[in-house]
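Please keep the sequence and the model in view while going through them.

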Amino acid sequence: MRHPRTVLSAVVGLGLGLAAALGTTPAIAAPAPAVPAPSVPAPQAGYIQSAGYTQTAGSREDAAANEAFFQAVVKSVAQKRAANPGAQSVTVVYSSANAPSFRSQIASSAQIWNSSVSNVRLQEGSNADFLYYEGNDSRGSYASTNGHGRGYIFLDYAQNRQYDSVRVTAHETGHVLGLPDNYSAPCSKLMSGGGPGPSCTNRYPDTTERNQVNRLWQNGFAAALAKSLR
């Protein structure tokens, strides 16, 4: 299932693999919603779908889509920083209002990333840089962006019952922070997504992944902010 032809789509998967930090807790079953799930925004021309938790058809488009999602978030944050250039820290604001069944997993994912990196912080609030949505999709969970500062993460019910739900959410959030998929990597890599299989429950990025995010938000963000101020 893909968006209409007007949408550039590329589904990239996540391989479960965060073992050490949170141990081998069984996969968290995402509860079925008691009420109809909020609908995901209708596909629009120019939207790019990427970053699926499990690998489907890998291509160069996947890598480009991941980069586009990251750049969209950076642009959104940079625009806010341009309006308030005195701010010292880089805060990325998210909203879980449209994913009520996953509020706990989303909060845990934000806590994991906030405890793992120092140059960027995730915070729930209004005027969000990206949104979370929930629902059913045969493609599983993924990230989507229009490349112009608007984006969301979609969390699929079935996939979050099959795999560790916090790992799925933390993996997709890793794309927000600029990390690409790495399906062939071991479970110790958060961005290996579903590659290692459902038994992988590692929810934490490893040292290389943490360092990569810190570099992106220390140097890459500074360049994006300078551009937005011009």
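1. Tyr157 belongs to helix α3, which covers residues 157–162. Helices here are DSSP runs of H or I with at least four residues, strands are runs of E with at least two, and both are numbered from the N terminus. With a relative accessibility of 4%, Tyr157 counts as buried; buried means under 20% relative accessible area, exposed means over 50%, and partly exposed lies in between, using a 1.4 Å probe and protein chains only. Tyr157 and Ser138 are 19 residues apart along the chain, and their C-alpha atoms are separated by 9.9 Å.

2. The model is predicted, so local features need a pLDDT of at least 70 and side-chain atom pairs count only at pLDDT 80 or more, whereas totals for chains, interfaces and linings use all residues. Residues are numbered from 1 along each chain as its sequence is written, and side-chain values use heavy atoms, with hydrogens and water left out.

3. The overall layout comes next. The protein contains 5 helices and 7 strands. Read from the N terminus, the order of elements is β-β-α-β-α-β-β-β-β-α-α-α. Of the 230 residues, 52% count as buried. Among contacts (heavy atoms within 4.5 Å) with a separation of 6 or more, 75% are between residues 24 or more positions apart.

4. How do helices α2 and α4 pack? Two packed helices are described by the angle between their axes and by the distance between the axes. Helix α2 (residues 103–116) and helix α4 (residues 165–176) meet at an angle of about 55°, and their axes are 9 Å apart. The axes are lines fitted to C-alpha atoms, for helices over the stretch in contact, and the angles run from 0 to 180 degrees between N-to-C directions. The helices α2 and α4 are therefore oblique to each other; angles under 35 degrees count as roughly parallel, over 145 as roughly antiparallel, 65 to 115 as roughly perpendicular, and the rest as oblique.

5. The crossing of α2 past α4 is right-handed. A crossing has this hand if the near helix is turned clockwise from the far one by less than a right angle, and it is left-handed if the turn is anticlockwise. On the α2 side the contact involves Gln105, Ile106, Ser108, Ser109, Ile112 and Trp113, and on the α4 side Ser165, Val166, Thr169, Ala170, Thr173 and Gly174. These residues divide into 5 nonpolar, 7 polar and no charged. In this grouping Ala, Val, Leu, Ile, Met, Phe, Trp, Tyr, Cys and Pro count as nonpolar, Asp, Glu, Lys and Arg as charged, and the others, Gly among them, as polar.

6. Ser109 deserves a separate remark. This residue sits in helix α2 and counts as buried, at 0% relative accessibility. Apart from its neighbours within four places in sequence, Ser109 is in contact with Thr169, Ala170 and Thr173.

7. Leu122 is part of strand β4 and is buried at 5% relative accessibility. Leaving out residues up to four places away in sequence, Leu122 touches Val92, Tyr94, Ala110, Trp113, Asn114, Phe130, Thr173 and Leu177. Leu122 and Ala110 are 12 residues apart in sequence, with 5.7 Å from C-alpha to C-alpha.

8. Two further strand residues may be examined. Glu134, in strand β5, is buried with a relative accessible area of 2%, and its C-alpha atom is 7.8 Å from that of Phe102, 32 residues apart along the chain. Tyr152, in strand β7 (residues 151–156), is buried with a relative accessible area of 4%.

9. Is Asn127 buried or exposed? Asn127 is exposed, with a relative accessible area of 57%. It lies in the loop between β4 (121–124) and β5 (130–135). Asn127 has a positive phi of about 50°, although it is not a glycine.

10. The last point concerns the cysteines. A disulfide is a covalent bond between the sulfur atoms of two cysteines. Counting pairs of cysteine sulfur atoms within 2.5 Å, the protein has 1 disulfide. This disulfide joins Cys187 to Cys200, with an S to S distance of 2.0 Å. The link is right-handed, with 85° about the S-S bond. Both Cys187 and Cys200 lie in the loop between α4 and α5 (207–229), so the pair ties together parts that are 13 residues apart in sequence. Both cysteines, Cys187 and Cys200, are buried.
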